[in-house]
Amino acid sequence: MKKLFLSLLTVCLVMTASAQQKSLNEKFYDAKLAEVTQRLNITDAQKEQFNALYKQYNDDMRATFGKREKHERPTTTKDAAELLKKRLDRQEKAIDVRRTYIDKFAKVLDADQLTRLFTIENQMQRKVMDRRNRQGMRKGDGQHKGMRKGMRGNRQQGTASAAEATKTE
């Protein structure tokens, strides 16, 4: 009986966490859409078509990149090369999605809006990545903190070694 209760409790917790994550993704998308429409000065006449098209575009881009994987530092040159190739493959797919949507957005946006759309997208993506990197550094769960500490340690060791070499001469 206890096992059944624990199993049901676990299922409920997983479902709750999944629902919360979904609402976070929806909130993020809503904020992103609001910023893009505001920065592009989308008119009321454009709004309905643009929102539907931008949703499709966003869904296709998310599918291209898939679920965010935990970043692990490669330990071999072969692993590093594979990781870089995977990143390039995803970037190529993203470029293909963008190319596909240029003509679709051109039917809804004027020339200035179309030109600025992907620039705005890139700026927002950089902000998100910067924020994630800063959070990783604060939490200490990422390699940023360890790398900085390790780099500092190497620098100090190098300085000590140089000082010792000078003393022995």
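Select Lys 32 and its surroundings. Setting aside neighbours within four places in sequence, Lys 32 touches Tyr 54, Asn 58, Glu 121 and Met 124. Lys 32 itself belongs to helix α1. Is Lys 32 buried or exposed? Its relative accessibility is 15%, so Lys 32 counts as buried. Keep in mind throughout that this is a predicted model.

**The whole chain**

Zoom out and switch to a cartoon view. The protein chain has 5 helices and 0 strands. Along the sequence the pattern reads α-α-α-α-α. Of the 169 residues, 17% are buried. The accessible surface is about 13700 Å², and carbon and sulfur atoms account for 54% of that surface. Now think about contacts between residues at least 6 apart in sequence. Of these, 68% join residues at least 24 apart.

**The core**

Next, select Val 36, Phe 50, Tyr 54, Tyr 57, Phe 105 and Leu 117. These have the most contacts inside the largest nonpolar core, which has 20 residues. Helices α1 (2-39), α2, α3 and α4 (111-139) each supply at least two residues of this core. Which helix gives the most? It is α2, with 5 residues. As background, nonpolar side chains tend to be buried together in soluble globular proteins.

Phe 50 is then in contact with Leu 33, Val 36, Thr 37, Leu 40, Ile 42, Phe 105, Val 108, Leu 109 and Leu 117.

**The rings**

Now show the aromatic side chains. How many aromatic pairs does a search of the whole structure find? The search finds 9. One of them joins Tyr 57 and Phe 105. Their ring centres are 5.6 Å apart, with 75° between the planes, and the pair is edge-to-face. Tyr 57 lies in helix α2 (residues 44-65) and Phe 105 in helix α3 (residues 77-106), so this pair ties together parts that are 48 residues apart in sequence. Both residues are buried.

The charged end of Lys 55 sits over the ring of Tyr 29, 5.3 Å from the ring centre.

**A loop stop**

Move to Arg 73. Where does this residue sit? Arg 73 is in the loop between α2 and α3. With 54% relative accessibility, Arg 73 counts as exposed. Select Leu 83 as well and draw a distance between the C-alpha atoms. Arg 73 and Leu 83 are 10 residues apart along the chain, and their C-alpha atoms are separated by 9.4 Å.

Finally, colour the chain by pLDDT. The mean for the protein chain is 76, and 65% of its residues reach 70 or more. Select residues 142-169. There pLDDT stays under 50, and the model has 9 contacts beyond four places in sequence for this stretch. Where pLDDT is low, the predicted coordinates should not be read in detail.

Notes. Residues numbered from 1 in each chain as written. Predicted model: local features only at pLDDT ≥ 70, side-chain atom pairs only at ≥ 80, totals over all residues. Heavy atoms only, no water. Phe/Tyr/Trp six-rings, centres within 6.5 Å; stacked < 30°, edge-to-face > 60°. Helix = DSSP H or I, 4+ residues; strand = E, 2+ residues; numbered from the N terminus. Buried < 20%, exposed > 50% of the residue type's maximum accessible area, 1.4 Å probe, protein only. Lys NZ or Arg CZ within 6 Å of the ring centre and 35° of its normal. Core = buried A, V, L, I, M, F, W, Y, C linked by side-chain atoms within 4.5 Å. Contact = heavy atoms within 4.5 Å. pLDDT = per-residue confidence, 0-100. Areas by Shrake-Rupley, 256 points an atom, 1.4 Å probe, with all protein chains shown as cover.
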